[in-house]
Amino acid sequence: MKRSNRFVFLPFCVLSQAYQAQGIVKHEWSSSIRPIIELLMNNDINIIQMPCPESSFCGFDKSLIRPPRNIEGYDNNEYKNHCKKLANGVIDMIKPMITNGYEILAILGIWKSPSCSNSLVHTDEGGLIERKGVFMEEITNFLKESNLNIPIIEINKKDVNETIIKLENVIKH
């Protein structure tokens, strides 16, 4: 049997919802975001789980009980440097894959996440601002520096069907 050469990179919490901050898991998937995983599996797409920058920054022993933070809680040099190292590791995985003929269909993010969003993040004032999460900023920077054109698709957990449609379009092309 021929193995698939197509990949999608996922945020850690898509496969492991338990690693999200307390109170974040509010939707129908208590362990994995099943519709995303099923779509990828049904299309023979390889899944690469990216590291969770928030959990590894806070320490895995505390990650299961950490309170949620908005962008202000992570927008500091120490966390940015942490995310830069992790993002560099992701890009270091992607480069040889592409060189060896593998196809990276997408990198997935989490809408409104202070780390993994690609468009909007929550603020301490209770609003939203247009900007990428800290980890996704670093991923985007490394993609640009490496001249890699890989789409970043955000998962909107309130309307996962919107995400499914976007991901299906990438898979079909």
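Asparagine 156 turns out to be buried, at a relative accessible area of 9% (buried is under 20% relative accessible area, exposed over 50% and partly exposed in between, with a 1.4 Å probe and protein chains only). The structure is a predicted model, so to speak of local features takes a pLDDT of at least 70, side-chain atom pairs count only at pLDDT 80 or more, and totals for chains, interfaces and linings use all residues. Residues are numbered from 1 along each chain as its sequence is written, and side-chain values use heavy atoms, with hydrogens and water left out.

Asparagine 156 sits in the loop between strand S6 (152-155) and helix H8 (160-172); helices (H or I, at least four residues) and strands (E, at least two) are DSSP runs, numbered from the N terminus. Leaving aside residues up to four places away in sequence, asparagine 156 touches Trp111, Glu162 and Thr163, where contact means heavy atoms within 4.5 Å.

Next comes H8 itself. The helix has 13 residues and spans 18 Å from its first C-alpha to its last, close to the 18 Å expected at 1.5 Å a residue (the expected span is 1.5 Å times one less than the number of residues). Its buried residues are Val160, Thr163, Ile164, Leu167, Val170 and Ile171. Viewed down the axis of H8, these buried residues fall within an arc of 125°, so they line one face of the helix; the arc is that of the directions from the helix axis to the C-beta atoms. Asn161, Ile165 and Lys172, on the other side of H8, are exposed. The cover over the buried residues of H8 includes strand S1 (6-10), helix H2 (34-42), strand S3 (103-110) and S6.

Isoleucine 36 ties in here. Not counting residues up to four places away in sequence, isoleucine 36 touches Leu10, Val14, Leu108, Ile155, Val160, Thr163, Ile164 and Leu167. Ile36, Ile107 and Ile139 also touch the most other members of the largest nonpolar core, which has 49 residues (a nonpolar core is a set of buried Ala, Val, Leu, Ile, Met, Phe, Trp, Tyr and Cys residues joined through side-chain atoms within 4.5 Å). In soluble globular proteins, nonpolar side chains tend to be buried together.

On to the rings: there are 3 aromatic pairs in the structure. Rings of Phe, Tyr and Trp (its six-membered ring) pair if their centres lie within 6.5 Å, and planes under 30 degrees apart count as stacked, over 60 as edge-to-face and the rest as tilted. Phenylalanine 7 and tyrosine 102 pair edge-to-face, at 5.5 Å centre to centre and 80° between the planes. This pair links distant parts of the chain, with phenylalanine 7 in strand S1 and tyrosine 102 in the loop between H6 and S3, 95 residues apart. Phenylalanine 7 is buried at 11% relative accessibility, whereas tyrosine 102 is partly exposed, with a relative accessible area of 25%. Tyrosine 74 and tyrosine 79 form a tilted pair, 4.5 Å centre to centre with 40° between the planes, and both are buried. Ring pairs join Phe57, Tyr74 and Tyr79 into a cluster.

As for cysteines, the structure holds 0 disulfides, a disulfide being a pair of cysteine sulfur atoms within 2.5 Å. For cysteine 13, the nearest cysteine sulfur is that of cysteine 116, 6.3 Å away. For cysteine 83, the nearest is again that of cysteine 116, at 7.9 Å. Cysteine 13 is buried at 12% relative accessibility, and cysteine 83 is buried at 0%.
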